[in-house]
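Open the model in your viewer and keep the selection tool ready. The tour moves from one selection to the next.

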Amino acid sequence: LARRLGGSVPTDEPPNWSRLACAAARVVASRVVHVAQAAFAVWLVTRRGDAPGALAAETLQLLAGAVGDAVPGQAGVIETAFHSFGSVVSPADASRAVGVALLLRASRLGLLVPLALGYGAAGLVSGRPLTSPDLVAGAR
């Protein structure tokens, strides 16, 4: 694993707990942002925003995405999950839950495109394409 990350670490070296804590904090922050994004999507579609609806939307998104990995192209798996379990996301109007799924997908793609463009621009500025070891070295 250390070789894949661009360096070699002796096995008898103790773990770097601060880097582990930093990585865990980034994962938690990412999930918090996703739940906030889901809360905003639920509010936009249903005009009712609450924590259980946002958590349900994010849970459906994650579970359906995991199941969708077995389906070629993930053809409609997330939308079907939101349609089937929409009453959990929006008890008043379950038919609007598919709109939440579509809005989440569009908003996450909307975040991905600028990040990918920025990553590509950083490679152009540096004069060479960035690789995973470059990103790990930059995080240190």
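Select Q61 to begin. With 11% relative accessibility, Q61 counts as buried, because the cut-off for buried is under 20%. This is a predicted model, so treat each stop as a computed result. Q61 is found in helix α2. Now show what surrounds Q61. Leaving out residues up to four places away in sequence, Q61 touches I78, F82, L104 and R108.

**The whole chain**

Zoom out and colour by secondary structure. The chain has six helices and zero strands. Read from the N terminus, the elements run α-α-α-α-α-α. Of the 140 residues, 22% count as buried. Among contacts with a separation of 6 or more, 49% are between residues 24 or more positions apart.

**Helix α2**

Select residues 51-68. This is helix α2, with 18 residues. How far apart are its end C-alpha atoms? They are 25 Å apart. At 1.5 Å a residue the helix should span 26 Å, so the two values agree.

Go to the N-terminal end of α2 and show D50. D50 caps this end. One of its side-chain oxygens lies 3.1 Å from the backbone nitrogen of G53.

Next, colour α2 by accessibility. The buried residues are G53, A54, A56, A57, E58, L60, Q61, A64, G65 and G68. Then pick L62, which also lies in helix α2. Is L62 buried or partly exposed? L62 is partly exposed, with a relative accessible area of 43%. Draw a distance from L62 to I78. The two are 16 residues apart in sequence, and their C-alpha atoms are 8.8 Å apart in space.

**Two salt bridges**

Side chains of opposite charge can pair when their charged atoms come close. How many salt bridges are there to find? The count comes to two.

Select E58 and R31 for one of them. Their side chains meet in a salt bridge, at 2.7 Å from N to O. E58 lies in helix α2 and R31 in helix α1, so the pair ties together parts that are 27 residues apart in sequence. Check the cover on each partner. E58 is buried, at 3% relative accessible area. R31 is partly exposed, at 35%.

Move on to R105 and E79. Their side chains also meet in a salt bridge, here at 3.1 Å from N to O. R105 lies in helix α5 (residues 97-126) and E79 in helix α3 (residues 77-84), so this pair ties together parts that are 26 residues apart in sequence. R105 counts as partly exposed, at 30% relative accessibility. E79 counts as buried, at 13%.

**A nonpolar patch**

Bring the surface back and select F40, W43 and L44. Together they form a nonpolar patch on the surface. What is their accessible area together? It is about 290 Å².

Finish on L44. L44 lies in helix α1, which covers residues 17-46. At 34% relative accessibility, L44 counts as partly exposed.

Terms used
Residues are numbered from 1 along each chain as its sequence is written. This is a predicted model: local features need pLDDT of at least 70, side-chain atom pairs count only at pLDDT 80 or more; totals for chains, interfaces and linings use all residues. Side-chain values use heavy atoms; hydrogens and water are left out. Helices (H or I, at least four residues) and strands (E, at least two) are DSSP runs, numbered from the N terminus. The expected span of a helix is 1.5 Å times one less than its number of residues. Buried means under 20% relative accessible area, exposed over 50%, partly exposed in between (1.4 Å probe, protein chains only). A polar contact is a pair of N or O atoms within 3.5 Å; within protein, one must be able to donate a hydrogen and the other to accept it, and residues adjacent in sequence count only if both atoms are side-chain atoms. Patches are made of residues with over 30% relative accessible area and no salt bridge: like charges are joined within 9 Å, nonpolar side chains (Val, Leu, Ile, Met, Phe, Trp, Tyr) within 5 Å. Accessible areas come from the Shrake-Rupley method with a 1.4 Å probe; for residues, only the protein chains shown count as cover. A salt bridge is a side-chain nitrogen of Lys or Arg within 4 Å of a carboxyl oxygen of Asp or Glu. Contact means heavy atoms within 4.5 Å.
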